[in-house]
Amino acid sequence: MATPRFPLIASALLGATVFTGASASAAPQALGPPPVPAENPITESKRILGKALFWDEQLSSDSTVACGTCHIPSAGGSDPRLDMGSRHPGLDGVYGGADDRFTSAGVRHHDSSGEAMADPIKGFDAQVTGRRAPTMIGAAFFDDLFWDGRATSTFVDPQTGLVSIPSGGALESQSLGPIVSFVEMADEGRTWDDVIQKLEDVRPLALAEDLNPDLVAALAASPDYPALFATAFGDPAITAERIAYALATYQRTLHPDQTPWDLFQNGQTNALTSTQRQGMNTFLAAGNHCVDCHPPPLFSDGTYRNLGLRDIAEDSGRQGFTGNFSDRGKFKVPTLRNVGLRKRFFHHGDPLFNSVFLGVFLYNGGAGFFTDNKDPILSQIFFSPAAATSMQAFLEGGLTDPRVAAELPPFDRPTLRSELGPIAVLSGTGRPGSGGIRPRIDAYCPPVPGAATFRVGVHDAMGGAAAFLEYSTNPIQYGGPTQLIHRTTLKGVGAGEGHATWKTSLPDDPALVGTQMHFRWHIRDLGTSARTRWATQTVL
């Protein structure tokens, strides 16, 4: 019989001692409003600007990823994507090992000129982050953010280098990091001038569908980003600081204070079911130590702990930011609010723990088996399967804000273009080249009138070969006329190693909406003509 990966869980499921204790020393309270730094007071115009920015995929270099891509409210404010595109092979670089992680897919790897590059892990597919995206709902209550706390309370304007918010600006600090990360949203070397120029040129939320009424009204009055910034800040200047202020303001209004727990604390005694109340009492019992790390009302103390789930060699956690040896393998204690909506747990999103029940039992009898710097409190946690069941009911139901689950205001949002499926439809069979390798076309940039970053690429071709991009606006199945619009020499050496990216801008002509564009690459491969499949895109 194979040894269980977490043997203590196996024994705990057979039954364990139930510890009961006194209630937490401080009387639980409902969740109050989050703190707001004086330098960035909440205004409605900043909130709506922040909401537009948060859900606009055009904020990324190639217009494929929004802030909201990895932070879906109905998934508890985290990333619901669980396909191979979100899987990281871990330290060994091999899929299927114990060190695999389910994290978040970002953008494809591009250099500063927009040329596609092969990523060591994902090749020419979207890159993947090293850690699971934590929830943004409730982030306003923390002094520092990210799993390692590197987004600190002191917010420094990245354009001026000056301190904009001395204290209480963790949301502002966090909000700007992904926008210039070449894994999450950016081409390599993306500058704030690049970001600002793009925002000045695009039509806000041009890719999104099902816009919420507040966004529709705001865009009717202010149809471009300079106008939205003018409404929010008094003039149309777009700066990194203002982007941070708007994004942080929006997130501070995502206040999940209508859970059954909050209603119960406010006197609605029937807000929690009897099973949920039993789970609440078990959770709050001092002897079970749950509230030592997850005290109400936020259900996180904001500290950093090592659960012993992973080898520290995989990820040093907070130590990577602080440099302190005592921080090795420690990660931020997340809030448990809306935990029942999340698809994965912990910083690595280990698929072994895909339910709240299993997440609860992880702690029973000591959590993980990596002992280096593991938190000593874990050895003191024991409870029965029945207790775990009632706690599951409390955590899943009692701590879920129904507005978050149903994506009702203020947690409402537009539909992202990436949620509607691939941007291009592939057809035909193509023709393989050397080694029987068929070159692949990359047509992932959304075609929007006025887009300055439209790209069509090719990879898995013969390195060093001549390549030609064929184009047509006619239905290809009828053999409509085509034209060669680009010629280049592929980068790379050898069969299957060639790649190239055609970069252009699209005319700012609304009449183009609905136009079909068909693309196919031809490669001169040792005397033969290899070719990709056709990629068909419709101008949005």
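Glu-470 is buried, at a relative accessible area of 9%; buried means under 20% relative accessible area, exposed over 50%, and partly exposed in between, using a 1.4 Å probe and protein chains only. This is a predicted model, where local features need pLDDT of at least 70, side-chain atom pairs count only at pLDDT 80 or more, and totals for chains, interfaces and linings use all residues. Residues are numbered from 1 along each chain as its sequence is written, and side-chain values use heavy atoms, with hydrogens and water left out.

Which side chain meets Glu-470 in a salt bridge? That of Arg-520, with 3.1 Å from N to O. A salt bridge here is a side-chain nitrogen of Lys or Arg within 4 Å of a carboxyl oxygen of Asp or Glu. Arg-520 sits in strand E13 (residues 516–525) and Glu-470 in strand E10 (residues 466–472), so the pair ties together parts 50 residues apart in sequence. Helices (H or I, at least four residues) and strands (E, at least two) are DSSP runs, numbered from the N terminus. Arg-520 is buried as well, with a relative accessible area of 14%.

In total, the structure holds 26 salt bridges. In one of them, Lys-332 pairs with Asp-144, and the closest N and O atoms are 3.1 Å apart. This pair links distant parts of the chain, 188 residues apart: Lys-332 is in strand E6 (331–332), while Asp-144 is in the loop between strand E2 (101–102) and strand E3 (155–156). Lys-332 is buried at 9% relative accessible area, and Asp-144 counts as buried at 17%.

Arg-413 and Glu-407 form another salt bridge, 3.0 Å from N to O. Buried or exposed? Both Arg-413 and Glu-407 are buried.

Now the helices. The axes of H2 (residues 44–54) and H5 (residues 213–221) come within 10 Å and cross at roughly 105°. Axes are lines fitted to C-alpha atoms, for helices over the stretch in contact, and angles run from 0 to 180 degrees between N-to-C directions. H2 and H5 are therefore roughly perpendicular to each other; that term covers 65 to 115 degrees, with under 35 degrees counting as roughly parallel, over 145 as roughly antiparallel and the rest as oblique.

Contact means heavy atoms within 4.5 Å. H2 contributes Arg-47, Ile-48, Lys-51 and Ala-52 to the contact, and H5 contributes Asp-214, Leu-215 and Ala-218.
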